[in-house]
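Please examine the sequence and the three-dimensional structure shown here before reading on.

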Amino acid sequence: MAPILQMRGITKTFPGVRALDNVTLSVEAGEIHALVGENGAGKSTLMKVLSGVYPHGSYEGEMLFEGQPLRLSGIHDSEARGIIIIHQELALVPLLSIAENIFLGNEITRHGVIDWNETFRRTEGLLAKVGLDESPQARIDTLGVGKQQLVEIAKALSKRVKLLILDEPTAALQETDSRKLLDLLLEFKAQGITSILISHKLNEISRVADRITVLRDGATVAGMDRHEISEARIIRDMVGRDMAHRFPERTPQIGEVLFEVENWCVHHPAHAERRVIDGAGLTVRRGEVVGIAGLMGAGRTEFAMSLFGRSWGQRISGEARMAGRPADLSTIPAAIRSGLAYVTEDRKALGLVLEETILRNTTLVNLAGVSRRGVIDANRERRVAEDYRRALGTRTPSVFQKVVNLSGGNQQKVVLSKWLFADPQVLILDEPTRGIDVGAKYEIYAIVNQLVEQGRGVILISSEMPELLAMCDRIYVMNKGSFVGELDRAEASQERIMAAILAAETQNAGSV
Amino acid sequence: MAAPRASVGAYLKNNMRQYGMLLALVAIMVFFQIVTNGTLMRPVNLTNLFLQNSYIVIMALGMLLVIVAGHIDLSVGSVVGFVGALAAVMIVNWHLPVALVIVASLATGVLIGMAQGYWVAYWRIPSFIVTLAGMLVFRGATLWLLDGQSVGPFPQVFQLISTGFIPDVLPDVAPLFGMARFNGTAFVIGLLVAGGILALATRARARAAAHGMADEPFAFFVGKNGLIALAIAYISFLLATYRGLPNVLITMAVLILAYMFVTNSTTAGRRIYAIGGNEKAAKLSGIKTERLVFLSFANMGLLAALAGLIFAARLNTATPKAGVSFELDVIAAVFIGGASMSGGVGTIVGAVIGAFIMGVMNNGMSILGIGIDYQQVIKGLVLLVAVIFDVYNKSRSA
């Protein structure tokens, strides 16, 4: 088959940095082409060149699309050619309906007036194609992330897409939703649509990709065909060194019970009668990493946030003990004083003050630790920030860098610095490696191991099964707001976790 | 572990925001000094400049905190009018002692701020709405209190808040300068403050250097602090040749220093910036966001009440129109000074410079006899240009 897209010798420089250095990318018509690389390797820049965000003339090199030279002046231009990019951060308007979003900027009109009947009819067709069973009039903010992703794809289809670019489409998705989405890509392939898939999840890539291009430091370092694909090889090419293990080793040294929760019940903040967490309980011992597995919507984040100073939900009841004594978790400051820390899954919206410096984010929780009678000691504060930067290996020229300019991995290290400086007994880590590249993930895991080696306890919430299985000493399985299984490291496996969830689902179905 | 020594040029470029507005103020002053043939910096005019702008500067301090916290207070102009009217009624009609009235007026301001802050902080009613309501309510209450009339005049002692000067306790200094009228105290205080700033800056730098953290180029450090000290000494000299230091200048200076300290060096100040930068993250970091927002509104009420007293004392009467549209001058000063509409960004020094940019332009254009119509247009454009400059700078650095 002939290549549908060829990018040759693409070089793009920003003041002081060469983001892309003579990159070559060739995509065959009708294939799923995976583009992988660490954060900052140049994937997004390359896709911005391809979609016209960086117009012709602002880079060197040439592009051919369907055999014709491709010189774009903007994103409209690329969409007109059938090149559609779906960004990681979804670009939907939450308060508008599915149909309005799909045809936003591209409305079906008759004499300048929107033809709603035709709009809804076409939307229904598109939704059927992506397998989304929702009314075209459903508002976007009533849908979960997985379904929103499908709406984005339906929107792309409405523009007669020839080349679909997906930038980490499954980063925020649950295992089952991810699988659905990937199946959809395979279906599109059967219909002749070409896709470029940017992803950090190597198991997904090896499942659907026909070919892979690996970028490292702004240059193409490797390409492989389907039969050559192996995770080990991808990682080696991405990181530029052999990574024998994706998870650092740790010999568990588990002590006495540190944190206990019993019979924890939480009601929905908007619907007081809806019980979201129903009698959940767990224990964490010193030096132990305890995992919480579960499907999206199982209530894991809600459970964690309600524990952490009732920051989610209402009518919260239950008992919590820290080191044998009743713990006051009634407010966030009280929960912090009790020795609890919560590292949020949404570090940009809930974890960091993005426009402030690493220094100021690091000391935010424990300002008392760098001040006397309410007055901050600037020199002590700087020393603390430098210490944590070094201890956690945050890569930045200075602690006066704004955190908005850091990569995902380094941002996460700043969040961890902030909580470590508060010296908690138990840390709840909610999806700590979401959207972080392989190399930085390893470093985060190493930090987690250090934490438990210091005698702290860690509760790890994750949607990535391999991460849970490798990191945790014990795994709780959550389903519909209750724990439906508890597995030791020795007995835990992906199958047993799924089995526990399925058993609970069937039981639920039977009891209704 | 010494930080890399940046050159003076590079340092200036990195801190453009901070010094850009100061340079703009200096440029505007030089411009008006030239076109008014030196009237701008004449001692009598300089004194007036401080008297005229003191209440805007004082309110800008409180408004900065409110805006940094991500809110706005539109009611301050009406509060100025209301508190002035209340004080006039209590002093002139009821003959209450001045000291008691001042305390009661300031307390009223705090209560007004708390009442508005309560809805904003604990009920999450948008501050724009709450304080727009407050603006209407307190303007109406002013009219009601005064019954539509002006009330005055005030006793001498009350007027001193605004029009009084620090008495010359050092008569021996004046002859040294061989001038008929020279307030030695004013000049000595000026020299002491200038010297104090140099000493404090030197000590802070020595401490930072001991921790290997002095990254401001030495030449720049000397130049900056030298110029500031020189400017203070020169202004105090000019004021000394007129009537000395106005009481209100002292009040203003003390408040500016206090709020600089609060925003730069206290945990409360730091937390307000965090709330404006990302309220949810601040809350999840254990910060009592509601309480701090509430307190910043209470503080704004206190400063608006103080401004109301100063303004009434300066006019020597309370009028129903007192303080009309002051809120816009105050808010403009804060934004010219580099604060961000979305919160989390802004400095006290910037807000004060912003207030003086507005004040010098008002004063200079009035001296030139430019009509109020053109003055409004020019001030509006300066606000727009200042913010555009800001946004441009930011997008370039990103």
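Predicted model: local features only at pLDDT ≥ 70, side-chain atom pairs only at ≥ 80, totals over all residues.

Residues are numbered from 1 along each chain as its sequence is written, and chains are lettered from A and ligands numbered from 1 in the order in which they are written. Helices (H or I, at least four residues) and strands (E, at least two) are DSSP runs, numbered from the N terminus.

In chain A, an open sheet is formed by 6 strands in the order β6-β9-β10-β3-β11-β12, with mixed pairing. Two strands are counted as a pair if DSSP finds at least two bridges between them. At the edges of the sheet stand β6 (83-86) and β12 (219-225) of chain A; each has a single partner strand, so one side of each is left without a neighbour in the sheet. On average, neighbouring strands of this sheet are turned by 20° against each other, direction ignored. Strands of a sheet pair through backbone hydrogen bonds, in either the parallel or the antiparallel sense. Strand β11 (residues 211-216) of chain A pairs with β12(A) in the antiparallel sense, over 6 bridges. Within this pairing, L215(A) has T220(A) in β12(A) as its bridge partner.

Helix α6 (residues 175-190) of chain A lies across β3 (32-36), β9 (163-167) and β10 (194-198) of chain A, and runs at about 155° to β10(A). Axes are lines fitted to C-alpha atoms, for helices over the stretch in contact, and angles run from 0 to 180 degrees between N-to-C directions.

Two residues of chain A deserve a look at their backbone. E66(A) is not a glycine, yet has a positive phi of about 50°; this residue is found in the loop between β4 (60-65) and β5 (68-69) of chain A. R315(A), likewise not a glycine, has a positive phi of about 45° and lies in strand β16 (residues 314-322) of chain A. Are these residues buried or exposed? A residue is buried if 20 or more other C-beta atoms, placed from the backbone, lie within 10 Å of its own, exposed if 12 or fewer, and partly exposed in between. E66(A) counts as partly exposed because it has 14 C-beta neighbours inside 10 Å, whereas R315(A) is exposed, with 12 other C-beta atoms within 10 Å.

The axes of helix α4 (residues 76-93) and helix α13 (residues 289-315) of chain B come within 7 Å and cross at roughly 55°. That angle makes α4(B) oblique to α13(B); angles under 35 degrees count as roughly parallel, over 145 as roughly antiparallel, 65 to 115 as roughly perpendicular and the rest as oblique. The contact of α4(B) with α13(B) has 13 nonpolar, 4 polar and no charged residues. In these classes, Ala, Val, Leu, Ile, Met, Phe, Trp, Tyr, Cys and Pro count as nonpolar, Asp, Glu, Lys and Arg as charged, and the others, Gly among them, as polar.

In a second pair, helix α14 (residues 326-336) and helix α15 (residues 348-367) of chain B pack at an angle of about 120°, with their axes 7 Å apart. This makes α14(B) oblique to α15(B). By class, their contact has 8 nonpolar, 1 polar and 1 charged residues.

P43(B), L46(B) and T47(B) in α3(B) meet I235(B), L238(B) and L239(B) in α9(B), where residues are in contact if their C-beta atoms, placed from the backbone, lie within 7 Å.

Chain B also has a cis peptide bond, from G152(B) to P153(B), with omega near -10°. P153(B) is found in the loop between α6 (127-146) and α7 (156-163) of chain B.

Finally, the two chains touch each other. Their contact takes 22 residues from chain B and 26 residues from chain A. On the side of chain B that touches chain A, α8 (184-210), α11 (267-277) and α12 (279-284) of chain B each supply at least two residues. The residues of that side divide into 8 nonpolar, 9 polar and 5 charged.

Conventions
Contact = placed C-beta atoms within 7 Å.
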